[in-house]
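Please walk through this structure with the model open beside the text.

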Amino acid sequence: MSNGVNGKEPHMVIENIDLAFGGTKAITDISFTVYKGEICAVIGPNGAGKSSMLNVINGVYIPQQGSITFEGKKFAKMKPHSAATMGIGRTFQNIALFSGMSVVENIMTGRNLMMKSTFIENALGIGRSKKEEILHREACEEIIEFLGLQSIRKTPVSSLSYGLQKRVELGRALAAEPKMLLLDEPIAGMNIEEKLDMACFIQEINRNRGTTIVLIEHDMGVVMDVSDHVVVMDYGAKIGDGTPEEVMSNQKVIDAYLGVSHDD
Amino acid sequence: MEFLTGLLSIFTTEGIFSPFGVETVIAGMLSGVMYSLVGIGFVLIYKSSGVFNFAQGTMLLFAALTFVSLTERQVNPIVAFTITTVVMILMGIIIERYVMRPLANQSLLSLFMATVGLNYFLEGLAQGTWDSAVHGVDLGIPSDPIFLAEHFPDNPWFDIIISKFDGFAAAVAFFLVLGLYLFFQYTRTGLSLRAVSDDHLAAQAVGIPLSKIWAIVWAVTGVITFIVGLIWADRLSVSFTLTAAVLKGLPVILIGGLTSIPGCIIGGLIIGASEKIGEIYFAPILGGQGIEHWWAYLTALVFILIRPTGIFGEREIERI
Ligand SMILES: Nc1ncnc2c1ncn2[C@@H]1O[C@H](COP(=O)(O)OP(=O)(O)O)[C@@H](O)[C@H]1O
Ligand SMILES: [Mg+2]
């Protein structure tokens, strides 16, 4: 895809974020910019603070310092619910599906923000609620088809394989029609075939819907293939930022990757 | 020795396997529905908010007392019912705003302590607004028994007496549970509710507003608690002892698990049956006054030993 770093409009600007848990620093003075429509990979060894960074972006963790500017609006802290409202969707490193629900129900929860009918209309099945219901079912079916989940649409998610669960979680995030997707290790722990499928889905979402994607990934092959922009973290600090090629020739990055084991 | 033979004789065709024994079990199960009804309030709050609501009993008393006090002041019962319903809805919204929301990211213990505080606050409010006298309530629920034998004269197995009151309570429970089921399964709010009860973090990440869901759950629970309170009040009359109705709900959720409404129903049936069996068969050989105070808890204890999470209980819910 196009080169995100050069000449593109910023989608999200992260400035001087500091995050500590009690005495331990998880993130130290991190700044980077995610550009509109790009795939930005955040890489780094385990414990580098990548997940914490995503958690700051969507308001799960509140940073001690710094700010996030999303689509021109600046925040000192975000709230999970308002992040979603503004169009930030996400998946989690440890799958966080609604385990008591089927595939289609999980994806349907992603439509929540799009639904305008009130609680009363909804409880009584009157007013806008019927028409809305049909519309949103259709949107969900589209996603189900896109991700190839038709045959398991009614299956309880808890009985699905790890790879499929990750796919359903992506579908749920997608259902909210986010402008930016934060994906925490969407490919980790999968077999080769599942990895390829997932990488394809991510690229297609980016290309066809124009969704900006921030992606945490360990698999360097995949990162080099799909991303326009790479941010490298180590011990809570940023040690690299640029195109995949630039980052790969960065001595600090090479040292970090040779020096520290980073199995998942 | 005498004790043992007494104990064994319970499990014979002279004991609970006789027509009379079966009658005892059925009547017990029916009366247990009243306990299930109390348990449902706990389950709804726990599922959504992850907290054991210490104030459940006082909410029940507050609602029943409000209704009774209004009718005693010559307010038409239907109007009184409507007013109390609105009061309980408002209470739910207020509790969300001033108890749940400020404590959203605090520890579970602080949240629990907040419901303890809420309990004493509501207790004061109930007695301050109304009074602490004993109020009789008659909703006109019939309490005379039905003799099934009259309808099946030749069959000793139908020599069963059922209390109409228990039948009424069972019908209320049936419609409440059916309503809740339809609501949870087939409405968007129900779906959001299930999402919140499953995973707070993921629910927020898809844009489900926790505070709105909490307000709805507390309001709905308040109204259900009111209806359940009315039925209990008809049986016990309204006074401070009405909060003790909740003590009958505890063993039910111990058996059924804090997270399951079907578990609650089954827990109630088990406790009810066990209480009747205890009262009729075990009390005499245990030399038995006062067995009704602890028998339900003993039953629950036995079940906990067998299955610590309750029949339908899920793993411990983790709050983030
Ligand atoms: N909720 C938390 N409480 C305390 N420490 C945490 C928490 N979340 C993350 N950390 C710590 O922050 C550091 C970064 O973790 P994380 O962001 O998960 O790294 P990564 O995703 O890069 O593997 C680690 O040292 C981790 O132990
Ligand atoms: Mg991580």
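Two strands are said to pair if DSSP finds at least two bridges between them; helices (H or I, at least four residues) and strands (E, at least two) are DSSP runs, numbered from the N terminus. This is a predicted model, in which local features need pLDDT of at least 70 and side-chain atom pairs count only at pLDDT 80 or more, while totals for chains, interfaces and linings use all residues. Residues are numbered from 1 along each chain as its sequence is written, and chains are lettered from A and ligands numbered from 1 in the order in which they are written.

Chain A holds an open sheet of four strands in the order 2-1-4-5, with antiparallel pairing. Strand 2 (24-35) and strand 5 (73-75) of chain A are at the edges and have a single partner strand each, so one side of each is left without a neighbour in the sheet. On average, neighbouring strands of this sheet are turned by 15 degrees against each other, direction ignored (axes are lines fitted to C-alpha atoms, for helices over the stretch in contact, and angles run from 0 to 180 degrees between N-to-C directions).

Five bridges join strand 1 (residues 10-21) and strand 4 (residues 65-70) of chain A in the antiparallel sense. Asp18(A) stands opposite Gln65(A) in strand 4 of chain A. Helix 1 (residues 50-57) of chain A lies across strand 1, strand 2 and strand 4 of chain A, and runs at about 65 degrees to strand 2 of chain A.

Between the chains, 20 residues of chain B are in contact with 24 residues of chain A, contact meaning that C-beta atoms, placed from the backbone, lie within 7 Å. Of the side of chain B that touches chain A, the largest share, seven residues, comes from helix 7 of chain B.

Key:
Contact = placed C-beta atoms within 7 Å.
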